Amino acid sequence: MLLLATGIVGAALAGLAPALAAPPPLGQPQGRPILRIGGKITVHNAGDEAVFDVAMLDAIGRRTFSTSTPWTNGVHTWEGVPLAALMQAVGAYGTQIRAIALNDYVADIPMAGIADEGGILAIRRDGKLMPISDKGPLFVLYPFDQDVRLQQQSVFMRCAWQVARLVVL
């Protein structure tokens, strides 16, 4: 009888495991939406997409680093949501992230390695929100000065500014 009870409890817990591991649901943006994420995601708040305002992105978590880039002068301090945390928040299950800028520029980012490489979706430069006229509202960026392995064309090609949409492929 104990073996049967253990089997039933184990089966019940196994059925709950996916629900326990699922990301929490997203609320609705209270401010101006600045990012839409679609594609292979399991967490949505607007049809088959996840839509975020600045506060929602900040709530996922922030990472800050100082680095120079090929597109800006000098070293700046960049702050934003880690790409890995953002993908976890939307339940991404694809192998690639396609970043699409306001001008339809596209950068493809492999999912493999995004946590180790420290890429962020930058929201702020030097403590200030980035305007569209100066690489905002969002900029896919890596801490180039902290890791020489990131200082190569294949990583630079993953970066994009004026990002408005991500699609998980």
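Which residue forms a salt bridge with Glu117? Arg158 does, and the closest N and O atoms of the two are 2.6 Å apart. The views below are taken from a predicted model.

**View 1. Arg124 and Asp58 meet through their side chains in a salt bridge.** The N to O distance is 2.8 Å. Since Arg124 is part of strand E7 and Asp58 is part of helix H2 (residues 54-60), the pair ties together parts that are 66 residues apart in sequence. Both residues, Arg124 and Asp58, are buried. A network of salt bridges links Asp58 and Arg124 with Arg62 and Glu79. By the rule applied, the salt bridges number 10.

**View 2. Arg125 forms a salt bridge with Asp134.** Their side chains meet at 2.3 Å, N to O. Arg125 is buried, with a relative accessible area of 13%, whereas Asp134 is partly exposed at 34% relative accessibility. On strand E7, Arg125 stands opposite Trp78.

**View 3. Strand E4 pairs with strand E3 and with strand E7.** Strand E3 (residues 63-68) and strand E4 (residues 75-82) run antiparallel and share six bridges. Phe65 stands opposite Trp78 of E4. Six residues lie between the strands of this hairpin, and Gly74 takes a positive phi near 75°. E4 is also joined to strand E7 (residues 120-125) by five bridges, again in the antiparallel sense.

**View 4. An open sheet is built from five strands.** The strand order is E2-E1-E11-E5-E6, with mixed pairing. Strand E2 (50-52) and strand E6 (106-110) are the edge strands, each pairing on one side only. On average, neighbouring strands of this sheet are turned by 20° against each other, direction ignored. Within the sheet, strand E5 (residues 96-101) and strand E11 (residues 163-168) are antiparallel and joined by five bridges. Arg98 stands opposite Val167 in E11.

**View 5. The whole protein has five helices and 11 strands.** Of its 169 residues, 41% are buried. Among contacts with a separation of 6 or more, 60% are between residues 24 or more positions apart. The protein exposes about 8,900 Å², and carbon and sulfur atoms supply 59% of that area.

Methods: Residues are numbered from 1 along each chain as its sequence is written. This is a predicted model: local features need pLDDT of at least 70, side-chain atom pairs count only at pLDDT 80 or more; totals for chains, interfaces and linings use all residues. Side-chain values use heavy atoms; hydrogens and water are left out. Helices (H or I, at least four residues) and strands (E, at least two) are DSSP runs, numbered from the N terminus. Buried means under 20% relative accessible area, exposed over 50%, partly exposed in between (1.4 Å probe, protein chains only). Contact means heavy atoms within 4.5 Å. Accessible areas come from the Shrake-Rupley method with a 1.4 Å probe; for residues, only the protein chains shown count as cover. Two strands pair if DSSP finds at least two bridges between them. Axes are lines fitted to C-alpha atoms, for helices over the stretch in contact, and angles run from 0 to 180 degrees between N-to-C directions. A salt bridge is a side-chain nitrogen of Lys or Arg within 4 Å of a carboxyl oxygen of Asp or Glu.
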